[in-house]
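Keep the viewer open as you read.

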Amino acid sequence: MVAQACFEELRDAYDEAFERLRREVRIMNSSNPEGTPLAFDDSARKVAQAERAYRQSRDDLADFIIDRQPRVAAAASNC
């Protein structure tokens, strides 16, 4: 049951990070193209931060899943 709780926590973090990234990209894409470069730079910075958080949460979730996979294939290989 602990593993299930950990999975759910990691999955929630992944979903939240994805939604944040999607929101920041949408904000950046909807910004006024004639706006100040400073505003665009701020939006781009927020997208980059959200992307880093998303990738980290994705990697954490993937590592958790991979660590719980059976090692049958690796054990059967003599390479």
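## Two helices, face to face

The buried residues of α2 pack against α1, and the buried residues of α1 pack against α2. Here "buried" means under 20% relative accessible area, with exposed over 50% and partly exposed in between (1.4 Å probe, protein chains only). Helices (H or I, at least four residues) and strands (E, at least two) are DSSP runs, numbered from the N terminus.

On the α2 side, the buried set is Ser 43, Val 47, Ala 50, Tyr 54, Ser 57, Leu 61 and Phe 64. On the α1 side, Tyr 14, Ala 17, Leu 21, Glu 24 and Met 28 are buried. An α-helix has 3.6 residues a turn, so residues three or four places apart point the same way.

Residues are numbered from 1 along each chain as its sequence is written, and side-chain values use heavy atoms, with hydrogens and water left out.

pLDDT is the predictor's confidence in each residue, from 0 to 100. The protein chain averages 88, and 86% of the residues score at least 70. Among the elements, α1 has the highest mean pLDDT (95), while helix α3 (residues 72-76) has the lowest, at 58. Where pLDDT is low, the predicted coordinates should not be read in detail.

## Overall layout

The protein chain has 3 helices and 0 strands, in the pattern α-α-α along the sequence. Helix α1 has 29 residues and reaches 42 Å from its first C-alpha to its last, close to the 42 Å expected at 1.5 Å a residue. Helix α2 has 31 residues and reaches 44 Å, close to the expected 45 Å. The expected span is 1.5 Å times one less than the number of residues.

Buried residues make up 15% of the 79 in the protein chain. The chain exposes about 6,300 Å², with carbon and sulfur atoms supplying 56% of it; areas come from the Shrake-Rupley method with a 1.4 Å probe, and for residues only the protein chains shown count as cover. Of the contacts (heavy atoms within 4.5 Å) with a separation of 6 or more, 80% are between residues 24 or more positions apart.

## The nonpolar core

Which residues make up the largest nonpolar core? Tyr 14, Ala 17, Leu 21, Met 28, Val 47, Ala 50, Tyr 54 and Leu 61 do, 8 residues in all. α1 (2-30) and α2 (37-67) each supply at least two residues of this core. By definition, such a core is a set of buried Ala, Val, Leu, Ile, Met, Phe, Trp, Tyr and Cys residues joined through side-chain atoms within 4.5 Å.

Not counting residues up to four places away in sequence, Leu 21 touches Val 47, Ala 50, Glu 51 and Tyr 54.

Ser 57 lies in helix α2 and counts as buried because its relative accessibility is 6%. A polar atom of the Ser 57 side chain lies 2.9 Å from the backbone oxygen of Tyr 54. Leaving aside neighbours within four places in sequence, Ser 57 is in contact with Ala 13, Tyr 14 and Ala 17.

Lys 46 is also in helix α2, but is partly exposed, with a relative accessible area of 34%. Lys 46 touches Arg 20 and Glu 24, not counting residues up to four places away in sequence. The C-alpha atoms of Lys 46 and Arg 20 are separated by 9.6 Å, with the two residues 26 apart along the chain.

Note on methods
Polar contact = N/O pair within 3.5 Å; in protein donor to acceptor, adjacent residues only side chain to side chain.
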